[in-house]
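Work through these exercises with the structure open beside you. Try each task before you read its solution.

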Amino acid sequence: MEATFVQGDDQGNGNGNGNNGNGNGNGNGGKGNGNGNNGNGNGNGNGGNGNGNGNNGNGNGNGNGNGKGDKDNKETEGPPADTNPDYYTCPATSPVGRCSNNKPLVCPPECPYRKPKKNKKVKGCYIDCDRCEATCKFRRANCEGYGSICYDPRFVGGDGVMFYFHGAKGGNFALVSDDKIHINAHFIGTRPQGRTRDFTWVQALSVMFDTHNLVLAAKRVSKWDNNVDSLIVRWDGDTVEVPTDGEGEWRINDGVRDVVIERTDDTNSVRVTVTGLVEMDIKVTPIGAEENRVHKYQIPSDDAFAHLETQFKFVNLSDSVDGVLGQTYRPDFVSPVKVGVPMPMMGGEDKYQTPSLLSPLCKSCRFRIPAIEMVAQY
C-alpha cells in the first residue's frame with residue numbers, strides 16, 4: 001500500500017515520550033502523568049492541565065503560569081518545526097477497520113523521518129498500511145521478506161512461498177510482466193565439473209515502464225572491496241552517477257512520474273522508487289570465500305561473482321500479472337512448488353526467457369512498449 005507523506009506533530013496515545021499524546025510520560029501536549037509541554041495531567045509541563053511543575057498549566061505546582069494557561073501561546077506549542085516527526089495518511093484502499101479512518105500514522109521518536117538526514121547510517125521510518133503501524137527499519141533488502149530475490153537465486157513470492165528459479169548462465173528472464181511495468185533479470189553463473197545444472201545469480205535488472213528503461217547492475221570485479229562502489233545505473237541508455245554526498249540521491253521527472261535512486265549505504269546499496277509502480281531495495285554483494293566453500297560453487301579466483309540482492313514492493317499490479325515473480329501476486333495463483341523440501345523449484349524457463357536484458361518479449365509476457373506519437377513535418 002502507498003502512504004501519503006507529510007510532516008507534523010506527533011499525536012500518540014500511550015505511555016512514554018511523545019508530543020500531544022495521552023498517557024504517562026514525557027511529552028508535549030500530552031494528557032497524563034509525567035513531564036511535558038501542553039499536557040493535561042500530573043507532572044511537569046508547559047500549557048497543561050494537572051498537578052505539577054509547569055508553565056501555562058491548569059493545576060497546582062511550581063512554575064510559571066499556575067492556573068489557567070494560555071494555550072494559544074505559540075512559543076510553548078511544542079518543539080521547533082525541524083524536530084517534528086513525519087506522519088503519513090494511508091490511502092482509502094487500506095483494510096477496513098485498520099487505516100481506513102483517514103487518521104495519520106506518526107513516525108516514532110527512534111526514527112522520526114522517512115528519509116533520515118543521515119539516511120545511509122540510521123534507520124528510517126517505515127509505514128505499513130496493511131498493519132496500520134509505523135516502525136523503524138534499515139532501508140535494505142530483506143531476503144526473508146515478500147518480493148525478495150537473493151542468493152542463487154532464492155525467491156519469496158507475493159504469496160509468501162519460498163522457491164528457487166535457476167534460469168541459465170548468461171540467460172535473461174522476465175521477473176515481472178504486466179500492463180504498465182516489465183522487469184527482466186540477467187543471470188550469471190558457473191557449472192562445476194560433474195554438475196548437471198548451473199549455479200546462477202542475478203547480476204542485472206532492467207525495469208521497463210512507459211517509454212523508459214532503467215538498468216541496475218553489479219560490476220564484474222576480480223577482488224571484492226566493500227569500500228568501492230560496484231553498482232552500475234543506466235537511465236535510457238545513459239550512465240547515471242548517484243551522488244555519495246548531500247542528499248545522496250539522483251532523481252528525474254518525465255512529466256508522468258518521478259524516478260528516485262537513493263543511497264542507503266556509502267556504497268553498493270540503494271533504494272529505487274518509480275512512483276505509482278514499484279519500490280526496490282538493492283544491494284550489490286559478492287560470493288564470499290566461506291560461502292564458496294560450503295556450497296562448493298568452485299568460483300574462479302579472478303571473479304567475485306558480484307550480484308544483486310533485491311526486494312520489490314509493487315503498486316497497482318493487475319490481476320493478470322505474469323513473470324517468474326509476478327505470477328505469485330495474482331489473486332488466483334496456486335504455487336506449484338513442493339513446500340517443505342530443501343529446495344522447492346519453480347519452472348518456467350521456457351515461458352519467461354527473453355532475447356536480451358532490454359527486451360520485454362517472451363511467451364508469457366504482457367508488457368508492450370507504448371507507441372510514441374510521431375508528428376509529420378511538412
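**Exercise 1. A side chain in a loop**

Which side chain makes a polar contact with the side chain of Arg197? Find it, then describe the surroundings of Arg197. Keep in mind that this is a predicted model.

Solution. 
- Step 1. Locate the residue. Arg197 sits in the loop between S14 and S15.
- Step 2. Look for the polar partner. The side chain of His166 lies 3.2 Å from that of Arg197, in a polar contact.
- Step 3. List the other contacts. Beyond the neighbours within four places in sequence, Arg197 touches His166, Arg191 and Met343.
- Step 4. Check a distance between C-alpha atoms. Arg197 and Lys169 are 28 residues apart along the chain, and their C-alpha atoms are separated by 9.2 Å.
- Step 5. Arg197 has a relative accessible area of 25%. Buried requires under 20% and exposed requires over 50%, so Arg197 counts as partly exposed.

**Exercise 2. Order the strands**

In what order do the six strands of the open sheet lie?

Solution. 
- Step 1. Read across the sheet. The order is S13-S14-S15-S16-S17-S18.
- Step 2. Check the direction. The pairing is antiparallel. Strands of a sheet pair through backbone hydrogen bonds, either parallel or antiparallel.

**Exercise 3. Follow the bridges**

How many bridges join S15 to S16?

Solution. 
- Step 1. Start with S14, residues 181–190. S14 pairs with S15 over 10 bridges, in the antiparallel sense. Ala185 is opposite Leu205 of S15.
- Step 2. Move on to S15 (residues 199–209) and S16 (residues 212–218). Six bridges join these antiparallel strands. Ala204 has Ala217 as its bridge partner in S16. Ser206 has Val215 as its partner there.
- Step 3. Inspect the turn. S15 and S16 form a hairpin, with two residues between the strands. Asp210 in this turn has a positive phi of about 50 degrees.
- Step 4. Finish at S17, residues 231–235. Five bridges pair S16 with S17, again antiparallel. Ala218 has Leu231 as its bridge partner in S17.

**Exercise 4. Into the core**

Which residues have the most contacts inside the largest nonpolar core? Look at the contacts of one of them.

Solution. 
- Step 1. Pick out the residues. They are Leu175, Ile183, Leu205, Leu214 and Phe312, in a core of 50 residues.
- Step 2. Setting aside residues up to four places away in sequence, Ile183 touches several residues, including Leu175, Leu205, Phe312 and Phe314.
- Step 3. Look elsewhere. Another core of eight residues lies apart from the largest one; Cys90, Cys111, Ile127 and Cys129 are among its members.

**Exercise 5. The whole protein**

How many helices and strands does the protein have?

Solution. 
- Step 1. Count the elements: two helices and 23 strands.
- Step 2. Take the burial. Of 378 residues, 46% count as buried.

Methods
Residues numbered from 1 in each chain as written. Predicted model: local features only at pLDDT ≥ 70, side-chain atom pairs only at ≥ 80, totals over all residues. Heavy atoms only, no water. Pairing = 2+ DSSP bridges. Helix = DSSP H or I, 4+ residues; strand = E, 2+ residues; numbered from the N terminus. Buried < 20%, exposed > 50% of the residue type's maximum accessible area, 1.4 Å probe, protein only. Contact = heavy atoms within 4.5 Å. Polar contact = N/O pair within 3.5 Å; in protein donor to acceptor, adjacent residues only side chain to side chain. Core = buried A, V, L, I, M, F, W, Y, C linked by side-chain atoms within 4.5 Å.
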